[in-house]
Amino acid sequence: MTTTGSQEFWEEFYRERDQVWSGRPNVALVAEISEVPPGTALDLGCGEGADAIWLAEQGWRVTAADISQAALDRAAGHAAEAGVADRITWERHDLSRSMPAGPFDLVSAHFLHSPVDESRNDALRAAVDAVAPGGTLLVVGHEQVPWHDHGVTFPSPDEVLASLGIDADAWIVERLASRPRAARGPDGEDAEVTDSIVRLRRR
Ligand SMILES: C[S@@+](CC[C@H](N)C(=O)[O-])C[C@H]1O[C@@H](n2cnc3c(N)ncnc32)[C@H](O)[C@@H]1O
């Protein structure tokens, strides 16, 4: 899929719906980052901005990127309502091709999945390079989702780690975990999903 095709997909995805995500920060972000002293953060595939807003509220200075301008505009509106607009910069990027200028003390990617684009690994490898010395890379994604039973497979934490292509001597693996959590399925049903969590610190 071309950048244009992927952008069109995600623009339409957001334009067709008033609100897609819960408006709450991701559980794994809060669990992994609450104790990390704030600095500069990059949120990849920020969607409607809940993670970026939560980070800004914790004192981080945030750059948040997404391929969809509609998502970024909506996220910026939420940030203004939350009173943290001055702490977040919103940038449109196809992250498999370009990245906001870093480095950053935290680079965070939550559910950077796309049904129309298989270049997630390119984006995640670029994310590795955007982490400052001493900084944290947090990659959280689907590992098991019960309603995705039509041949969609998601990588395990080990597979995500391998896909990053890091120099093992230059990084500390702080978390490599499969974590179940309660969620709502596409028809509003209760479900249990498993997140894959990879948290690394650059030496
Ligand atoms: C499943 S949503 C997750 C949104 C948000 N991180 C969250 O956890 O609620 C995936 C997001 O990644 C964005 N995205 C997908 N492919 C992208 C790409 N190549 N470059 C930038 N953003 C992308 C989509 O527009 C969408 O907002």
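**Close-up views of a predicted model**

**View 1. E192 and the residues it touches.** Leaving aside residues up to four places away in sequence, E192 touches P146, P180 and R181. The model shown here is predicted. E192 is found in strand β7. Is E192 buried or exposed? Its relative accessible area is 56%, and the cut-off for exposed is over 50%, so E192 counts as exposed. In sequence, E192 and A52 are 140 residues apart. In space, their C-alpha atoms are 25 Å apart.

**View 2. The open sheet of seven strands.** Strands of a sheet pair through backbone hydrogen bonds, either parallel or antiparallel. Here the pairing is mixed. Trace the order across the sheet: β3-β2-β1-β4-β5-β7-β6. Which strands form the edges? They are β3 (residues 88-92) and β6 (residues 171-184). Each edge strand pairs on one side only. From one strand to the next, the twist averages 15°.

**View 3. Helix α6 on the sheet.** Helix α6 spans residues 157-164 and packs on the sheet. Which strands does α6 touch? It touches β5 (131-144), β6 and β7 (190-202). The direction of α6 makes about 35° with that of β7.

**View 4. Strands β2 and β3, with the helix between them in the chain.** Strand β2 covers residues 61-66. It pairs with β3 in the parallel sense, over five bridges. Find V62: I88 in β3 stands opposite. How does the chain get from β2 to β3? It crosses through helix α4, residues 69-82. This β-α-β crossover is right-handed.

**View 5. The buried side of helix α5.** Helix α5 runs over residues 120-129. Within it, R120, A123, L124, A127 and V128 are buried. Why do these residues lie on the same side of α5? They cover an arc of only 150° around the axis, which puts them on one and the same side. An α-helix has 3.6 residues a turn, so residues three or four places apart point the same way. What covers the buried residues of α5? The cover includes strands β1 (40-44), β4 (104-110), β5, β6 and β7. Helix α6 is also part of that cover.

Key
Residues are numbered from 1 along each chain as its sequence is written. This is a predicted model: local features need pLDDT of at least 70, side-chain atom pairs count only at pLDDT 80 or more; totals for chains, interfaces and linings use all residues. Side-chain values use heavy atoms; hydrogens and water are left out. Two strands pair if DSSP finds at least two bridges between them. Helices (H or I, at least four residues) and strands (E, at least two) are DSSP runs, numbered from the N terminus. Axes are lines fitted to C-alpha atoms, for helices over the stretch in contact, and angles run from 0 to 180 degrees between N-to-C directions. Contact means heavy atoms within 4.5 Å. Buried means under 20% relative accessible area, exposed over 50%, partly exposed in between (1.4 Å probe, protein chains only). The arc is that of the directions from the helix axis to the C-beta atoms. A crossover is right-handed if, with the strands pointing away from the viewer, the path from the first strand over the helix to the second runs clockwise.
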